[in-house]
Amino acid sequence: MNRAIFWDLQGTLGGDAVASIELFEPFPFAKDALKLAKDNGYRNIVITNQSRISKGSLSAEAYEKESQRIIRHFNADEVLLEEILCCPHQNKDQCNCKKPKTGLIEYSIRKYNLDIKRCFVVGDMGKNEIVMAHHAGCKGVLVLTGGGKDSLGIFRDTWRDHEADMIADNALEAVKKIIADAAHMHE
């Protein structure tokens, strides 16, 4: 399994795009999306920006507890989610891991020996996930849950130099499009 889907968490696999992770509730189709991806040879890795940690409104302990709760939910029957990678920083911290920067993708490529050309990023924020996908050298899929519709609308200027490779109604539809795209490439 040298390919992966890098998932955004909030607004993509569940919850509100900008609410605290403590309020995260998975969408009903999220587990099916992760299972379909895994069954088709993709590792599922979540990459999430959690600047509330560095701002002091979310403790590292609270984040860790929520992260484990989410992993337990998705991996209750079988391991669907490899891990949740988190950037706790704010822009002023000048890190290399805050989306759309690619530090956490680069880490995953090394850890899991991934072929970036066979990987995808799926998320609801064009300025984060689609831009990150293109910087990393893979395809980006914008979902219309969470902030997805606004990404295509009132926030389109925040990623105007980029286009989504695919647009999907939700995470499950995104995986179906990814599988069709991979088949189209005769892998």
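Leaving aside its neighbours within four places in sequence, which residues is F74 in contact with? Select F74 and you will find L13, F24, P26, A30, K31, L34, L80 and L81 around it; contact here means heavy atoms within 4.5 Å.

Before moving on, a word on what you are looking at. This is a predicted model, in which local features need pLDDT of at least 70 and side-chain atom pairs count only at pLDDT 80 or more, while totals for chains, interfaces and linings use all residues. Residues are numbered from 1 along each chain as its sequence is written, and side-chain values use heavy atoms, with hydrogens and water left out.

**Stop 1: the whole chain**

Zoom out and colour by secondary structure. Helices (H or I, at least four residues) and strands (E, at least two) are DSSP runs, numbered from the N terminus.

Now colour by burial. Of the 187 residues, 52% count as buried. Buried means under 20% relative accessible area, exposed over 50%, and partly exposed in between, with a 1.4 Å probe and protein chains only.

**Stop 2: the largest nonpolar core**

Select I5, W7, L13, F74, V122, V141 and I178. Of the 35 residues in the largest nonpolar core, these touch the most other members. A nonpolar core is a set of buried Ala, Val, Leu, Ile, Met, Phe, Trp, Tyr and Cys residues joined through side-chain atoms within 4.5 Å. Strand 1 (4-7), helix 1 (30-39), helix 3 (60-74), strand 4 (120-123), strand 5 (139-143), strand 6 (166-168) and helix 7 (171-184) each supply at least two residues of this core. Helix 7 gives the largest share, six residues. A second, separate core has 19 residues, including L85, L104, Y112 and V121. In soluble globular proteins, nonpolar side chains tend to be buried together.

**Stop 3: helix 3**

Which residues of helix 3 are buried? Show the side chains of A62, Y63, E66, S67, I70, I71 and F74 to see them. Their cover includes helix 1, strand 2 (43-49), helix 2 (52-55) and strand 3.

The 15 residues of helix 3 should span 21 Å at 1.5 Å a residue, and its end C-alpha atoms are 21 Å apart, which agrees. The expected span is 1.5 Å times one less than the number of residues.

**Stop 4: strand 2**

Move to I47, which is found in strand 2. I47 is buried, with a relative accessible area of 1%. Beyond its neighbours within four places in sequence, I47 is in contact with residues including F6, W7, L85, L104 and M132.

T48 is also found in strand 2 and counts as buried at 1% relative accessibility. The side chains of T48 and Q50 are joined by a polar contact of 2.8 Å. A polar contact is a pair of N or O atoms within 3.5 Å; within protein, one must be able to donate a hydrogen and the other to accept it, and residues adjacent in sequence count only if both atoms are side-chain atoms.

**Stop 5: R3**

Go to the segment before strand 1, where R3 lies. Is R3 buried or exposed? R3 is buried, with a relative accessible area of 13%. Its side chain makes a polar contact of 3.4 Å with the side chain of Y42.

**Stop 6: backbone details**

Finish in the loop between strand 3 (83-87) and helix 4 (103-112), which holds P100. A cis peptide bond joins K99 and P100, with omega about 15°. Q94 is in the loop between strand 3 and helix 4, and its phi is near 55°, a positive value in a residue other than glycine. Q94 counts as exposed at 63% relative accessibility. Most residues other than glycine have a negative phi, and most peptide bonds are trans.
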